[in-house]
There are 2 protein chains.
Amino acid sequence: MSDAQRPDRRAGSPAAGKAASKRTGRRPGGADTRGVVLDAARAEFAARGYEKASMRGIARVAGVDPALLHHYFGSKEQLFLAALDFPIDPATVAAVILDGDRAEMGERVARFVVALWEQPEVLARLLAVVRTVVASEAIAELLRDFMLRELVGRLAQGLGVDRPELRVELVISQIIGLAMARYILAAEPIASADPEELVSLLAPTIQRYLTD
Amino acid sequence: MSDAQRPDRRAGSPAAGKAASKRTGRRPGGADTRGVVLDAARAEFAARGYEKASMRGIARVAGVDPALLHHYFGSKEQLFLAALDFPIDPATVAAVILDGDRAEMGERVARFVVALWEQPEVLARLLAVVRTVVASEAIAELLRDFMLRELVGRLAQGLGVDRPELRVELVISQIIGLAMARYILAAEPIASADPEELVSLLAPTIQRYLTD
């Protein structure tokens, strides 16, 4: 368990002192402040959607000071990633797509995705996301709005193409589908394909969706 | 409910007379013979896998004559489709791919898939398959082996390309992924895209996977 999950264990540090006093003041008992905040965030995101949920509203539901949320999570986007244990940061993905040679965009994205899949802990979280999305329409809606808003927002200008939403969705569709074929259907030869071969299979499709 | 589901309703026909006598002889009581056969098929496919399960073994488990199975279902492949309520017949898919101009393969497949999606009842069954595959590793394995064996078997020669399994899996991956983006994530603009536009988006990717 990280320090951030147990602010009461860090009573000596200034930040945790603040957290502990807030917790003592507004959340009596042994409640784990970080857990309470994440529960409140999940409830607020589920009830209001990504766009309408606010750091202030989540702080109110959690019974903590909004400054505490900003201190621990930085932004609504980061709080969302933590609350849903979502392993893909749209800011990172946008940087991967936009930073570098435009002709190698597809390969960069493919390489980034396959590298994530090669990390067992990240892969497990990605597959958990796929399972949750398939099982819950509400979570599907929430994740879709989050990804489209944060990712398309960042790409729309930098990409300089028409219909950035459609392009991003096509890329996501091929990536989700390949993950399903490789890890959920576990179909050979895709299931055992070498990471470099996967990159070479994915890259041209992604390049075409993003730039053609 | 079809006649095949209620053989006792067709006691006057020779085939149903045979079914009814078998049912009376080996399965007393009000059991629905077709339901018993489908239950037995699901159990046998789950226990042995698609390749090793046999019509004879399924008939034994169901307590019916193997000839009855052949009469009602024609082949193990057709029995499998009925038992798993699987809405895609590999023979039909193989014909769509192979019959016609090779340069329009991608468009034919895309048009076939999008036409399936446009039928609400078929779409509901397709999405049920996706949900079941995600929820159950055993079903995923079974469907994978069925599709690869029956579809790749038919395509391997007719397609005349290297690595037909890999190609079919890439096509399936893009189709599953697009179905997820359109119907499960329900992301706009893909969710509301016109069928013709979907065909034009899918076709070049499928063409490349099958022939390049």
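1. This is a predicted model, in which local features need pLDDT of at least 70 and side-chain atom pairs count only at pLDDT 80 or more, while totals for chains, interfaces and linings use all residues. Residues are numbered from 1 along each chain as its sequence is written, chains are lettered from A in the order in which they are written, and side-chain values use heavy atoms, with hydrogens and water left out.

2. H6(A) passes H9(A) in a right-handed crossing (the near helix is turned clockwise from the far one by less than a right angle). The axes of H6, residues 90-98 of chain A, and H9, residues 137-159 of chain A, come within 9 Å and cross at roughly 25 degrees, which makes H6(A) roughly parallel to H9(A) (angles under 35 degrees). Axes here are lines fitted to C-alpha atoms over the stretch in contact, with angles from 0 to 180 degrees between N-to-C directions, and helices are DSSP runs (H or I) of at least four residues.

3. On the H6(A) side the contact (heavy atoms within 4.5 Å) includes Val93(A), Ile97(A) and Leu98(A), and on the H9(A) side it includes Phe146(A), Glu150(A) and Arg154(A).

4. Chain A and chain B bury about 3100 Å² between them, 64% of it on carbon and sulfur atoms (accessible area, 1.4 Å probe, lost on being put together and summed over both). Val134(A), Glu169(A) and Leu185(A) supply 19% of the area that chain A buries against chain B, more than any other three residues.

5. Between chain A and chain B the count is 2 salt bridges (a side-chain nitrogen of Lys or Arg within 4 Å of a carboxyl oxygen of Asp or Glu). The side chains of Arg163(B) and Glu197(A) meet in a salt bridge at 2.3 Å, N to O.

Methods: Helix = DSSP H or I, 4+ residues; strand = E, 2+ residues; numbered from the N terminus. Parallel < 35°, antiparallel > 145°, perpendicular 65-115°, else oblique. Buried area = accessible area lost by both parts, 1.4 Å probe.
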